[in-house]
Amino acid sequence: MEKTIDELIIDLKDDDEFVVAEALGLLEMRPEESLDPLIIALKDKNKNVRLNAAKILGFIGDSKAIDPLIEVLYDNNKLVRREASTSLSRMGLNAVDPLINILNDDDWKVRGAAAWALGNIKDKKAIPYLKELLDDDSAFVRLGAENAIANIENM
């Protein structure tokens, strides 16, 4: 019997990595059904559910997930934030403006994650905004901006 989307999302926190991998694959294969529940799962109290929901949303690539993924950049868990940034990178050009809009956020982790994501998207439009971060107080943000500019200029 086929598992429901809710059952698959519950499987994302299983201790068995094979159960998690199977759930990831099945959720990705059912994007229309899983999109909204995965967006909701980004707020789950379990970090593995949040991390894996962010991961699948990146593979699904629906721009409806961009704003919720940007909210995840404020997550307390570094791995969850990193996965959200990676997924935003996979969203491509649709994520550029929302990412540029948070480059001046008060939180250095958010600025840095946005810079890294923009560097992976490689849209030249981001360069002037990234250059503003080269003097940031945070070394993480400065490094993210430097790498992003280099990635974009060397494409």
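The accessible surface of the protein chain comes to about 8500 Å² (Shrake-Rupley method, 1.4 Å probe; for residues, only the protein chains shown count as cover). Carbon and sulfur atoms contribute 48% of that area. The model is predicted: local features need pLDDT of at least 70, side-chain atom pairs count only at pLDDT 80 or more, and totals for chains, interfaces and linings use all residues. Residues are numbered from 1 along each chain as its sequence is written, and side-chain values use heavy atoms, with hydrogens and water left out.

The protein chain has 10 helices and zero strands. Helices are DSSP runs of H or I with at least four residues, strands are runs of E with at least two, and numbering starts at the N terminus. The C-alpha atoms fill a box of roughly 55 × 25 × 20 Å along the principal axes. The radius of gyration, taken over C-alpha atoms, is 16 Å.

Of the 155 residues, 48% count as buried. Buried means under 20% relative accessible area, exposed over 50%, and partly exposed in between (1.4 Å probe, protein chains only). Contacts, defined by heavy atoms within 4.5 Å, were taken at a separation of 6 or more; residues 24 or more positions apart account for 60% of them.

Nine salt bridges are counted. The criterion is a side-chain nitrogen of Lys or Arg within 4 Å of a carboxyl oxygen of Asp or Glu. One of them joins Lys125 and Asp97 at 2.5 Å, N to O. Lys125 lies in the loop between helix 8 (108–121) and helix 9 (127–131) and Asp97 in helix 7 (residues 96–101), so the pair ties together parts 28 residues apart in sequence. Both side chains belong to partly exposed residues, Lys125 at 40% relative accessibility and Asp97 at 39%.

Arg111 forms a salt bridge with Asp136, the closest N and O atoms being 2.9 Å apart. This pair also links distant parts of the chain: Arg111 sits in helix 8, Asp136 in the loop between helix 9 and helix 10 (139–153), 25 residues apart. Arg111 is buried at 10% relative accessibility. Asp136 is buried too, at 12%.

Glu33 and Arg30 meet at 3.0 Å, N to O. Arg30 is buried, with a relative accessible area of 13%, whereas Glu33 is partly exposed at 45%. Salt bridges link Glu2, Arg30 and Glu33 in a network.

Note on methods:
The radius of gyration is taken over C-alpha atoms; the globule rule is 2.2 Å times the number of residues to the power 0.38.
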